[in-house]
Amino acid sequence: MRQVIYLDSVDSTNSRLKQIAGTVPNGTAVIADLQTAGRGRLGRNWLSRPGDGAWFSVLVKDERLTPENAGGLVFCCALAAADVLKEISGREILIKWPNDLVLNGKKLCGILCESGYNGGRLDWAVCGIGINLNAESFPPDLPYAASLRMETGIVSDCRKVALDTLDKFDTYAQMLYNQGLNSLIDLISPISATLGREVRAVNGEKELTGVAERLLPDGSLLIATADGPVSVRAGEVSVRGLYGYI
Ligand code: BTN
């Protein structure tokens with residue numbers, strides 16, 4: 001049985017779970033109606049208004065979690081949320097490498113996985129998922145954001161979507177531990193919004209462009225550039241389509 005902590009309001013479900021990671025069991029989840037300081041990748045904010053979506057995080061403290069497979073947790077989250085959104089809508093949900101879910105070229109979901117070491121050993125990971133479900137609009141500074149409701153008309157139960165995603169996350173995490181990261185890559189590649197497209201990868205001042213070719217066994221993305229193949233690691237780069245978001 002999973003321990004689930006429901007909160008009306010919190011700064012960030014990731015931050016809260018990180019604070020209590022030492023005292024709660026593996027699999028503990030925090031689900032909030034509202035985040036006052038929701039966090040995105042690369043220091044961005046995540047808009048988390050009440051009723052508009054599922055904002056939640058899960059703690060992974062499993063002895064099978066290693067520095068080698070921890071990068072696969074973001075794929076477990078993406079596959080889990082894509083499954084749930086597909087079940088609700090009947091629509092194929094695409095995964096924009098490494099951590100966005102996309103429908104009609106718009107971003108429905110983002111994932112932020114963080115981890116901590118203790119004495120050189122990977123001690124815990126917190127995986128946070130934000131799924132835009134019922135929002136009717138987004139501010140103009142988020143031109144690529146959309147909700148499932150905006151794209152399909154479907155209104156969802158935010159807590160149920162979170163719980164269903166957490167169940168599927170567990171299944172994919174077992175797959176990661178038992179069969180390795182490659183087994184997840186085999187599932188992600190056919191529903192990738194990134195592979196085969198011309199992309200721009202930005203890491204601070206550094207930038208490269210090329211065609212996204214394939215995912216490598218460690219989960220990084222291989223980009224064919226004019227100067228040859230270059231692999232980029234999730235967590236370090238922002239990848240955008242050359243002509244828009246994907
Ligand atoms: C991104 O696309 O940049 C990642 C967004 C991750 C948002 C989720 S919402 C639940 C969890 N708590 C946070 O503060 N962030 C993640």
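**Notes on the predicted model**

1. Let's start in a loop. Pro98 sits in the loop that runs between β4 (94-96) and β5 (100-103). The peptide bond joining Trp97 and Pro98 is cis, with omega at about -5 degrees. Please keep in mind while reading that this is a predicted model.

2. Leu42 is found in the loop between β2 (29-35) and β3. Phi of Leu42 is near 55 degrees, which is a positive value in a residue other than glycine. For context, most residues other than glycine have a negative phi, and most peptide bonds are trans.

3. Now to the ligand. Which residues come closest to the ligand? They are Ser12, Gln35, Arg39, Arg41 and Lys107, out of 20 residues that surround the ligand.

4. In Ser12, an N or O atom of the side chain is 2.7 Å from an oxygen atom of the ligand. Lys107 also uses its side chain: one of its polar atoms lies 2.6 Å from an oxygen atom of the ligand. With Arg41, by contrast, look at the backbone, where an N or O atom lies 2.6 Å from an oxygen atom of the ligand. As for cover, the ligand taken alone exposes 420 Å², and the protein buries 99% of that.

5. Where does the shell around the ligand come from? The elements giving two or more residues to the shell are α1 (13-20), β3 (53-60), β6 (106-118) and β7 (121-132). Strand β6 provides the largest share, with 4 residues. Sorted by class, the shell holds 11 polar, 5 nonpolar and 4 charged residues.

6. Turning to the helices, a word on how to read the next values: two packed helices are described by the angle between their axes and the distance between the axes. Helix α2 (residues 73-89) packs with helix α4 (residues 158-179) at an angle of about 135 degrees, and their axes are 8 Å apart. Angles from 65 to 115 degrees count as roughly perpendicular and those over 145 as roughly antiparallel, so α2 and α4 are oblique to each other. Their crossing is right-handed.

7. Helix α2 has another partner to consider. With helix α5 (residues 181-188), α2 packs at an angle of about 40 degrees, the axes being 10 Å apart. The crossing of α2 and α5 is left-handed.

Notes
Residues are numbered from 1 along each chain as its sequence is written. This is a predicted model: local features need pLDDT of at least 70, side-chain atom pairs count only at pLDDT 80 or more; totals for chains, interfaces and linings use all residues. Side-chain values use heavy atoms; hydrogens and water are left out. A residue is near a molecule or strand if one of its heavy atoms lies within 4 Å of it. A polar contact is a pair of N or O atoms within 3.5 Å; within protein, one must be able to donate a hydrogen and the other to accept it, and residues adjacent in sequence count only if both atoms are side-chain atoms. Accessible areas come from the Shrake-Rupley method with a 1.4 Å probe; for residues, only the protein chains shown count as cover. Ala, Val, Leu, Ile, Met, Phe, Trp, Tyr, Cys and Pro count as nonpolar, Asp, Glu, Lys and Arg as charged, and the others, Gly among them, as polar. Axes are lines fitted to C-alpha atoms, for helices over the stretch in contact, and angles run from 0 to 180 degrees between N-to-C directions. Angles under 35 degrees count as roughly parallel, over 145 as roughly antiparallel, 65 to 115 as roughly perpendicular and the rest as oblique. A crossing is left-handed if the near helix is turned anticlockwise from the far one by less than a right angle, and right-handed if clockwise.
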